[in-house]
Amino acid sequence: MSNDAKTVSSGQTVTQAPGTVASAPVTPAPLRQSKHDELRLLVNSRHPIITIETPEEERVEQVLLEVAAELAVPLYTWSVTAGLAKAHGAPIYNTDNPEQAVANIALIQGDAIFLLKDFARYCDNDRVCRRLRELAEKFRAERRSIVITAASLQLPPDLRGDSVPIQLGLPTADELLPVVKTVLADMNRTQQIPLALDISGITQLAQNLVGLPQEEAMRALRMCILARRRVDVGLLDAVLDAKRDALRSDGLLETVRRDASFADVAGLRRLRDWIAKRKSALTPEGRRFGLEPPKGILITGVQGCGKSLAARSVAGEWGYEMARLDAGALYDKFIGESEKKLQKALELAQKLAPMVLWIDEIEKAFASAGSSGDADAGLSQRLLATLLTWMQDRESGVFLAATSNNISALPPEMLRKGRFDEIFFVDLPSVDVRSALFALHLKKRARDAASFDLPALATASEGFSGAEIEQAIIAGLYTAFAQKQQLTTEILVAEIRGTQPLSVTRAEDIQAIRDWAKTRAVPAD
Ligand SMILES: Nc1ncnc2c1ncn2[C@@H]1O[C@H](COP(=O)(O)OP(=O)(O)OP(=O)(O)O)[C@@H](O)[C@H]1O
Ligand SMILES: [Mg+2]
C-alpha cells in the first residue's frame, strides 16, 4: 500500500466513557476525515486513477455524486451492461466495450469524474491498459479522475504507479444517520409504522448499526422494524441483536453478549483491581487527567483456572461491547485470504469501538510463526505481522483481552513491552479462593453455600482448578439425585477424592508453566 493510501485511510476514533445501558454508548462526531472529504481531496489533487475495493458499489456512487456536486463537475458511470453515461443521463452509444469506453472518456472535454464499475478485470487487456495509461498521463494536468471499483480488485503492475487505492471502510455512525432517517421516514410513509423515537434515540440507532456495510445495516434495520411494527426504544436492542447475528455469519469476528462480570470470578484479585482501575482511564475525567487508555492484557496460566472467564468479564465490567476473534477460522485453506480477513476483522473491531476484542488461545493463530519448517509457518508469520502492526498503531477504543494456554509457543515479538500493558499469570487457586469457588458455583446452582462445610471442601480440593471444582459440583449433583437426596459436603468430598486433578496427572507441565511465568508475568491473584 502506498503512503498516500495510508494517510488517506487513517482516522481517529473517540473513546467514550463506559455506558451501563444495553446499547453501545453514542460516539461523538468523529474526528475521522470522511470518505467524502478524502475523495474530494484526491480528485482535487489531480489523481488520475483512484481504486476502491469494496462490495458497496452503491455507496461509492452515492459519495461520488455528492463529491461531484460539490466540485461542480459531472459524474459519469460505466458498467459493462449499461456502457458509459452521465449520472442520470442516457448512455453514450456503443460504449459497453471497455476499450471503447476508455476511448470515449478521452474525447470528453473538461473536468469530470468517471466511475468505472468492475473495471479492474478489463485492465489485463493490453490495449485497455495502454489507453488507460495514456489517459492517466493527460489527466494529471486536469481535474479529471477515474474511479475504479470492485469487490475484489487488483490492477496490473503497469497501472499501479498511476493509481491510488482508497479504503471505503465501513460507514461511521455519522454516515449512517441520514440513511437511517430516510429508512424511518420511508417505513412511516409506506407501512404506516409509527415513529416513537427522538433524535438522540435515532442517533443511537445509527451508532448501534455501526460495523455493518451500509446496505446490510439498512436491511437489518428494515427487518427489525417490520418485525416490531414500531420504531421505539426497544428497536435499539433489536438492532444490536441483528448486528450480532449478521457479524456471526461472517465467521472471523463474532460479537457476543456480555455474559460475565467479575461477580462470576473467584480470586484473581490483582487482575480484577487492574481492570477496575483502568475503567477510570476510559472516562472523560480520566482522559482529561492524562490517564493513558489501556490497550490490552494477555492472560496465561494453568488450565481451567479462569483465563477465558476473566477475559470475557472485562467487557461486563466496563459495559463495553465485546467481540471474539476466532483464531482458528483464520486458516481458511479454501479462501486463502487469511491476512485480508484478519485486517478486515481488526478494522471492524475499530469501528465497533469502544469495545473489548477477545482472542482466546491466541497461540493457535500465531504459534507456528516461531517455528520454521511448519507448512503454515509463512502464513502465521504474516498473520502475526498484521496483528503486531495493528497492536502498535491502532487507535484507542479497542481493548485486547487475549488468553494463551501455552505462552512459550508465542513468538517473543508478541510479548515485548508495549504490545500488551500487562501479562497476567493465573495459577491454581489458593485455599481461600477454592472456598470462594465452591460458594460461587453452589450458589449458581441454587444451593445455599452456608449449609456446606466450605473450609473442608477447600482443604480436600488442594490442587484443583476452578473448572475441576465446578465439575465436582456437577458430578455431586448427579450422585445426589441418583441417591434421591440433597447435595451434601460428604458427597462433594467423595467426588473430590475420586478425581485426579490435572495438577497431579500433568504436574510437570504445570511446573514448566509456573517457571516460565515467574520472571515474565504478574500473578493474577
Ligand atoms: N477463578 C474462577 N472463578 C470462577 N469460576 C471459575 C474460575 N476458574 C474456573 N472457573 C470455572 O471453570 C470454567 C472454565 O474456566 P475457563 O474456561 O475460564 O478456564 P481457562 O483457564 O480458560 O481454561 P483452559 O486453559 O482450558 O482454556 C469457567 O467457566 C468457570 O465456570
Ligand atoms: Mg480458556
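Select ligand 1 and Glu361 together: an N or O atom in the Glu361 side chain is 3.5 Å from an oxygen atom of the ligand, a polar contact (a pair of N or O atoms within 3.5 Å). This is a predicted model, where local features need pLDDT of at least 70, side-chain atom pairs count only at pLDDT 80 or more, and totals for chains, interfaces and linings use all residues. Residues are numbered from 1 along each chain as its sequence is written, chains are lettered from A and ligands numbered from 1 in the order in which they are written, and side-chain values use heavy atoms, leaving out hydrogens and water.

Stay on Glu361. You'll find it in the loop between β10 (355–359) and α15 (363–366); helices (H or I, at least four residues) and strands (E, at least two) are DSSP runs, numbered from the N terminus. Most residues other than glycine have a negative phi.

Now click Leu309, where a backbone N or O atom lies 2.9 Å from an oxygen atom of ligand 1. Then try Ala467: one of its polar backbone atoms is 3.5 Å from a ligand oxygen.

Next, show everything around ligand 1 (residues with a heavy atom within 4 Å). Of these 19 residues, Ala266, Gly304, Lys307, Ser308 and Glu470 come nearest. Colour by element and you'll see that α13 (307–318), α18 (431–444) and α20 (466–482) each give two or more residues to the shell.

Last stop: Ala446, in the loop between α18 and α19 (454–460). Its phi is positive as well, about 60 degrees, though Ala446 is not a glycine.

Key. Polar contact = N/O pair within 3.5 Å; in protein donor to acceptor, adjacent residues only side chain to side chain.
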